Amino acid sequence: MKNATDTTEETAYVSKKEYDDLLEKYRELERQLTELKRLIFGSKSERFVSTALPGQLGLFG
């Protein structure tokens, strides 16, 4: 069992292509997160407003 004060780090090696792929995926996820935060917490004019008709049932429940 490791000690809480153990500072040993493990190193993982990946190929340049795998690194680039992971970096691209990370950047895309960050962009999506930024967009979601803007939609949820943005100013009223930027927030998502549903265009569903009143009384219309939702697709998933």
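Okay, let's start with a definition: patches are made of residues with over 30% relative accessible area and no salt bridge, where like charges are joined within 9 Å and nonpolar side chains (Val, Leu, Ile, Met, Phe, Trp, Tyr) within 5 Å. A salt bridge, in turn, is a side-chain nitrogen of Lys or Arg within 4 Å of a carboxyl oxygen of Asp or Glu. And accessible areas come from the Shrake-Rupley method with a 1.4 Å probe, with only the protein chains shown counting as cover for residues.

Before we look around, a word on the model. It's predicted, so local features need pLDDT of at least 70 and side-chain atom pairs count only at pLDDT 80 or more, while totals for chains, interfaces and linings use all residues. Residues are numbered from 1 along each chain as its sequence is written, and side-chain values use heavy atoms, leaving out hydrogens and water.

So, the overall picture. How much of the chain is buried? Of its 61 residues, 2% count as buried, where buried means under 20% relative accessible area, exposed over 50%, and partly exposed in between (1.4 Å probe, protein chains only). The chain exposes about 6,600 Å², and carbon and sulfur atoms supply 59% of that.

Now the patch I promised. Leu36, Ile40 and Phe41 make up a nonpolar patch on the surface, with about 360 Å² of accessible area together. Leu36 sits in helix 1, and because its relative accessibility is 49%, Leu36 counts as partly exposed.

Next, charges. How many salt bridges are there? The count comes to four, and I'll walk you through some of them.

Take Lys17 and Asp21: their side chains meet in a salt bridge at 3.1 Å, N to O. Both lie in helix 1 (residues 16-41), four residues apart, about one turn of the helix. Lys17 is exposed, because its relative accessibility is 57%, whereas Asp21, at 39%, is partly exposed.

Then there's Glu28 with Arg31, a salt bridge at 2.8 Å, N to O. These two are three residues apart in helix 1, so about one helical turn separates Glu28 from Arg31. Glu28 has a relative accessible area of 33%, so it's partly exposed, and Arg31 is partly exposed at 48%.

Finally, Arg38 and Glu35 form a salt bridge, with the closest N and O atoms 2.7 Å apart. Why about one helical turn between Arg38 and Glu35? Because they're three residues apart in helix 1. Arg38 counts as partly exposed at 32% relative accessibility, and Glu35 is partly exposed with a relative accessible area of 32%.
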